[in-house]
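Dear colleague,

I am handing over the structure below, and I would be glad if you could look through it alongside the notes that follow.

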Amino acid sequence: MSYCRFAKEEYEIIPGIKIPKSDVYVYEHEFGGIVCAGCIFNPITDPDPRFGTYSEMIAHLKKHIKAGHTVPDHVIPLLKSIIADEGDEVE
């Protein structure tokens with residue numbers, strides 16, 4: 001499941017369904033963990049960092065925000081709600 005995908009600007013895919021602008025692509029990996037795909041921080045050594053907890057991803061996304069990258073407004077609150085409902089470990 002992806003939480004957000006790269007998008008240069010917000011666009012509407014069908015009436016009422018919008019994809020927000022995003023400089024990050026975050027998804028849950030099929031073998032566990034949550035990935036920041038194509039991460040700009042370490043494009044050579046670790047272009048797709050995978051984290052074992054949602055809180056680690058939240059901290060990583062806050063680094064993106066601090067660097068001026070666009071992270072859609074819904075992503076961090078959604079990850080926090082998952083932590084509250086299901087726990088911090090990503091399965």
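What percentage of the 91 residues of the protein count as buried? In this model, which is a predicted one, the share of residues that count as buried is 33%.

As for the overall fold, the protein contains 6 strands and 2 helices, and from the N terminus on these elements follow one another as β-β-β-β-β-β-α-α. The radius of gyration is 13 Å, close to the 12 Å that the globule rule gives for 91 residues, and the protein is therefore as compact as a globular protein of that length. Taken along the principal axes, the box that the C-alpha atoms fill is roughly 35 × 35 × 25 Å. Among the contacts with a separation of 6 or more, 44% are accounted for by residues 24 or more positions apart.

Turning to the sheet, 4 of the strands form an open sheet in the order 1-4-5-6, with antiparallel pairing, and its edges are strand 1 (2–4) and strand 6 (50–51), each of which pairs on one side only. Strand 5 (residues 34–37) runs antiparallel to strand 6 and is joined to it by 2 bridges; Val35 has Arg50 in strand 6 as its bridge partner.

The protein carries 15 negative and 9 positive side chains, with the centres of the two sets lying 8 Å apart.

With kind regards

Methods
Residues are numbered from 1 along each chain as its sequence is written. This is a predicted model: local features need pLDDT of at least 70, side-chain atom pairs count only at pLDDT 80 or more; totals for chains, interfaces and linings use all residues. Side-chain values use heavy atoms; hydrogens and water are left out. The radius of gyration is taken over C-alpha atoms; the globule rule is 2.2 Å times the number of residues to the power 0.38. Buried means under 20% relative accessible area, exposed over 50%, partly exposed in between (1.4 Å probe, protein chains only). Contact means heavy atoms within 4.5 Å. Lys and Arg count as positive and Asp and Glu as negative; His and the chain ends are not counted. The place of a charge is taken as NZ of Lys, CZ of Arg, CG of Asp or CD of Glu. Two strands pair if DSSP finds at least two bridges between them.
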